[in-house]
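I open this notebook to record which ring contacts and which strand pairings I looked up.

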Amino acid sequence: MIKANLTFFTIIGFFVLNSCGTNQKNDQLDQRVNALLAQMTLEEKVGQMNQYSSFWDITGPIPKEGSAAKQYDQLKKGLVGSMLNVRGAENVRKLQKIAVEETRLGIPLIFGFDVIHGFKTISPIPLAEAASWDLEAIETSARIAATEAAAAGINWTFAPMVDISRDARWGRVMEGAGEDPYLGSKIAFARVKGFQGDDLSAPTTIAACAKHFAGYGFPEAGKEYNTVDIGTQTLHNMVMPPFKATIDAGVRTFMNSFSQLNGIPATGSKYLQRTLLKEQWNFDGFVVSDWGSIEEMVEHGYADDAKQAAQIAVEAGSDMDMQSLAYIDHLIDLVKSSAVPETLIDDAARRILRVKFELGLFDDPYKYCNAEREKSTIGHEKFQEVTLEMAKKSIVLLKNKNQLLPLKKKGLNIALIGDLADDKTSPLGNWILAADTNSAVSVLEGMKAYEGNNLEFSVGVKLHTGVLEFAKELNINTSDKSDFTAALNLAKTADVVVMVLGEHGFHSGEGRSRTQLGLPGLQQELLEQVFKVNQNIILVLNNGRPLVLDWADQHIPAIVEAWQLGTQSGNAIAQVLYGDYNPSGKLPMSFPKSIGQVPIYYNYKSTGRPTLPSPDEVFWTHYQDEQNAPLYPFGYGLSYTTFAYSNLKINSQNDTSIDVSVEVTNTGNVQGNEVVQLYVKDHFARPTQPIKSLKGFELVDLNPNQTKTVHFTLAEAELGFYDNDGKFIVQPGDFSIYVGGDSTTELNTKFKL
Ligand code: NOJ
């Protein structure tokens with residue numbers, strides 16, 4: 001056992017950095033970077049700022065100009081600093097060989113890839129992992145992704161995406177950690193640590209990239225790439241904290257955003273990249289543009305042409321150009337004509353080279369290109385086990401009327417219905433560039449492993465038609481109901497019906513905004529028809545964002561939120577359905593009752609008229625046709641057991657901190673894990689603050705009848721906020737603390753600061 005674990009930890013490389021000597025190491029690094037820079041021509045320095053995609057995977061629009069021949073030619077001349085989307089250690093080695101052996105200075109390339117939720121072994125989508133609230137598990141998940149990617153030659157991931165978002169219409173919410181900046185910051189920190197470890201030069205760790213800086217998660221109307229126009233309070237208190245957390249974790253790169261923020265494209269924003277990131281936060285890594293976002297400043301109406309866009313971007317602090325060709329085509333001229341000072345080029349090249357040195361690429365440019373290591377690491381069985389645990393932790397039980405769940409293991413006739421139940425690709429989610437299609441365990445396979453029941457499957461309705469590709473629209477079936485009858489016949493005679501419905505993995509993600517958030521296609525109709533013949537339904541949802549589930553909540557007795565859970569999806573779902581795992585996930589985003597409520601989030605600000613003054617009066621914050629509350633609030637999730645909270649009290653308070661405790665008891669019959677959540681309400685603040693904000697959480701594991709006391713410490717970081725100038729302040733006054741199992745908890749106590 002010990003041996004197995006040791007092997008595992010060796011594989012995933014838990015290296016400890018000897019901290020004494022760090023400063024000395026930094027000085028040596030600076031000397032090496034500066035010595036190299038001094039030898040470089042202007043062209044070579046600009047070359048370091050140029051990044052191309054390979055043709056294995058295209059993760060953005062294909063550039064208008066540029067070709068493989070041109071890229072190859074530039075590569076040999078040392079005019080390319082980085083490549084993305086290169087597949088496999090051998091191919092990385094070939095390209096690296098050109099850079100190292102054929103260019104004048106032999107500067108190695110840095111290889112980027114979207115290692116977002118796994119590489120080959122796919123873990124749950126990031127939004128699902130966030131539902132676990134389990135920071136250790138999330139860090140380990142990122143570590144596994146890094147280990148596999150590093151074994152395939154990759155040394156830089158474009159993750160974590162730390163964009164806070166409140167808008168489920170925006171397809172990219174699947175890639176973030178949800179709506180809350182506190183939870184988002186903790187997860188951002190854990191993910192960076194997971195990818196980078198403590199030693200970037202280890203062959204199992206890769207550089208992380210905090211993206212998309214900044215505001216990308218607030219596009220108007222949830223429409224992809226749309227304008228972002230937000231106030232300073234939202235910017236400093238909602239958008240920025242997770243980015244700041246990645247700095248605290250030592251993240252080595254940032255990616256800017258496609259979107260414009262308050263009239264300035266993020267890629268061209270000096271305030272974001274120079275003032276805030278590099279000056280105030282002292283970030284000494286580098287910023288990569290998003291795919292083509294430098295040249296896209298022309299479409300934004302912010303630059304006249306690509307040349308001007310290159311000038312704006314470099315002045316603003318974008319260090320590397322992903323796929324625009326704007327830097328390589330124009331920066332040399334811009335410097336020669338004195339429009340851009342060469343010091344800006346030096347600064348960008350220095351930052352990029354520094355990260356390459358830190359990765360150890362100058363000591364061994366092929367350290368990530370070991371085909372043997374690739375073979376023995378990728379898909380390692382231990383990774384499967386860990387991914388299964390992560391998947392189970394990510395599941396959220398939304399409803400369980402009459403304890404329909406967990407299912408008995410013997411003697412049941414179960415009808416399993418839904419195209420997604422038999423799908424082995426969709427559970428892998430959206431970012432599955434290196435994964436094999438058809439490689440996830442389906443729900444059908446997972447449930448079949450429980451042999452005591454009679455399980456029959458019927459597709460019910462085809463979810464989609466046509467191609468399934470990362471870059472292509474997904475066509476949803478809206479007309480073919482030919483599979484309805486067989487499913488209804490099966491449901492009629494079943495003791496219980498398990499319906500797996502929701503979104504395909506390619507229905508959320510980049511470029512996949514939606515205006516309707518119900519079950520896509522004909523699935524709602526199928527659900528209602530099955531309900532007419534058998535009401536004993538367990539609805540298992542697969543989706544990459546909050547859905548509108550009002551009808552299901554009113555009619556269906558049991559609902560399980562299973563997102564897209566990755567390679568081990570079907571096993572995780574089956575173990576939860578059969579009670580071999582007691583679900584403990586909690587929603588990281590509010591689920592609306594109606595689409596018109598979106599964006600809906602728990603940490604809103606009070607209006608001047610928050611409550612109904614007297615019956616029938618209209619002068620208060622409300623809708624005529626919908627309630628204000630969401631269907632399922634932030635932080636919500638059930639268990640097969642129940643928990644009671646008592647004895648919330650403030651134990652001590654001094655000038656620097658407050659100690660709060662609460663007792664949590666398992667009042668049911670089975671062991672369970674609870675995410676104990678603490679929210680703070682600042683009653684009076686200038687500028688005003690949300691009606692409550694998450695400021696602490698703790699995972700507790702409780703046996704039946706067991707009680708544990710959970711302590712929280714609140715200090716300045718938890719009680720203050722950013723003012724409109726971005727300055728962190730703590731204001732004295734009245735505060736309330738709320739503790740419980742979700743954001744609507746009413747158990748509270750007060751204190752004065
Ligand atoms: C565009 C996406 O916005 C970004 O997140 C991703 O890393 C790049 N494409 C590279 O694929």
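Entry 1, ground rules. I worked on a predicted model, in which local features need pLDDT of at least 70, side-chain atom pairs count only at pLDDT 80 or more, and totals for chains, interfaces and linings use all residues. Residues are numbered from 1 along each chain as its sequence is written, and side-chain values use heavy atoms, with hydrogens and water left out.

I then looked up Tyr182 and Phe697: their ring centres are 6.2 Å apart and their planes stand at 85°, so the pair is edge-to-face. This pair links distant parts of the chain, 515 residues apart, with Tyr182 in helix α8 (residues 181-196) and Phe697 in strand β22 (residues 693-702). Helices (H or I, at least four residues) and strands (E, at least two) are DSSP runs, numbered from the N terminus.

Are Tyr182 and Phe697 buried or exposed? I use buried for under 20% relative accessible area, exposed for over 50% and partly exposed in between (1.4 Å probe, protein chains only). Tyr182 has 18% and is therefore buried; Phe697, at 13%, is buried as well.

Phe213 and Phe254 are edge-to-face, at 5.0 Å centre to centre and 90° between the planes. Phe213 lies in strand β5 (residues 209-213) and Phe254 in strand β6 (residues 253-256), 41 residues apart. Both Phe213 and Phe254 are buried.

Trp133, Tyr182, Tyr602, Phe634, Tyr679 and Phe697 form one aromatic cluster.

The criterion is NZ of Lys or CZ of Arg within 6 Å of the ring centre and within 35 degrees of the ring normal. Arg166 lies over the face of Tyr601, at 3.5 Å from the ring centre. Lys692 lies over the face of Tyr738, at 4.7 Å from the ring centre.

I found an open sheet of 3 strands in the order β5-β6-β9, with parallel pairing; two strands pair if DSSP finds at least two bridges between them. β5 and β9 (286-288) each have a single partner strand, so one side of each lacks a neighbour in the sheet. β5 and β6 pair over 3 bridges, and Cys209 stands opposite Thr253 in β6.

Terms used:
Phe/Tyr/Trp six-rings, centres within 6.5 Å; stacked < 30°, edge-to-face > 60°.
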